[in-house]
Amino acid sequence: MENNGLDLELILQSCGVGTDVDEEVLIENLINLSDNYTDEELVQIYNHLMGTLYNPKVLMQLIRLSDQYRDKSSLSVLCDLLLMRINLENTPYDFDDLINVRVMCAKAIANIKDTSVVGSLLYCLNNKDENYKVRLACADALGKIGDKYAAAPLIDLIQDEDEKSVYLKESAVSALGVLGDDRAVEPLVSILEAKQGFLDKFSFLKERIIEALGKLNTDNSKVIKAFKNSLLDRSPMIRINAIEAIMNSGEEDAYEIIKPSLQDEDDEVKKNALIALYNLGGRDILDEVISMPSYNEFLKQEAQDLIDEYESEEDIDE
């Protein structure tokens, strides 16, 4: 078998492919190929082997090796593995191992960052009968590739009331934040403000929504309102995320919006509010907290620690 000067059949034989060689030895032989071939040749070899070998552990090693080069010529075979066009189901290997191969394919595809594969990723993402790990990996990959064509399906997914996987919705929300498509703002705000019991059970989804909105168009009164409402959420982590989002929003009233959180019932929320106010307005808030009896001792100590750090940095600068 000749291919651009490479005798691929001979290379396979030298590695032990098709023999009873132990898989660990085979993997080591594949790793050692880099000693004898150029980068271009290695990509060609890995592509061929990924379409030839069915052992999941060996495939995962090949995907790792291929991912070092992130060559577009690898997309075809990676997509075939992702979509199970290479019939791994008829091999005597564990189903979970095959799933892991496909998850690795999605990650490797994302690293190549070529928009031509968006359709394949969307096919897996939108298939509700697909394994959830594969769907999660495809959602992440769509965000990393950055094709705005993917925004609408991701929005549909997070709005789909029949979609039971909160973790998948979390990945879709994160992907929308990375994509930066402002079409996601309204749906994300609507979900954040909806009185839905499942959101209260899965506060991490709210956290991802706040983070995504912070990456999108914060020059939007509805977004700022959603952040303000989140300052009253019963989850301290949601309140902390909202403080950070408001601080970074560029909102002209950010200082005044955050300041009431200095009286929050949770000390970590107080601390994060103090740091945000310090970043927005400078040292005055630290002096105020130390001097005013309305602030508790925990917050006063945090303010003093920030002053000590601030003054030590000033001394170093001088």
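Is Tyr 69 buried, partly exposed or exposed? Select Tyr 69: this residue is partly exposed, with a relative accessible area of 26%. Buried means under 20% relative accessible area, exposed means over 50%, and partly exposed lies in between (1.4 Å probe, protein chains only).

Before continuing, please note that this is a predicted model, in which local features need pLDDT of at least 70 and side-chain atom pairs count only at pLDDT 80 or more, while totals for chains, interfaces and linings use all residues. Residues are numbered from 1 along each chain as its sequence is written, and side-chain values use heavy atoms, with hydrogens and water left out.

**Aromatic pairs**

Rings of Phe, Tyr and Trp (its six-membered ring) pair if their centres lie within 6.5 Å; planes under 30 degrees apart count as stacked, over 60 as edge-to-face and the rest as tilted. The count comes to two aromatic pairs. Tyr 46 lies in helix 3 (residues 39-50), and Tyr 69 in the loop between helix 4 (56-67) and helix 5 (75-82), so the pair ties together parts that are 23 residues apart in sequence. Helices are DSSP runs (H or I, at least four residues), numbered from the N terminus. Tyr 46 is buried, at 2% relative accessibility.

Next, select Tyr 167 and Phe 204, whose ring centres are 5.4 Å apart with planes at 10°; the pair is therefore stacked. Tyr 167 belongs to helix 10 (residues 166-179) and Phe 204 to helix 13 (residues 203-215).

**Salt bridges**

A salt bridge is a side-chain nitrogen of Lys or Arg within 4 Å of a carboxyl oxygen of Asp or Glu. The whole structure holds 16 salt bridges. Select Glu 163 and Arg 135, whose closest N and O atoms are 3.0 Å apart. Glu 163 is in the loop between helix 9 (151-159) and helix 10, and Arg 135 is in helix 8 (residues 132-145), 28 residues apart. Both residues are buried.

Then select Arg 208 and Glu 207, a salt bridge with its closest N and O atoms 3.6 Å apart. Shared partners join Glu 170, Glu 207, Arg 208 and Glu 211 into one network.

**Cysteines**

The whole structure contains zero disulfides.

Methods
A disulfide is a pair of cysteine sulfur atoms within 2.5 Å. Helices (H or I, at least four residues) and strands (E, at least two) are DSSP runs, numbered from the N terminus.
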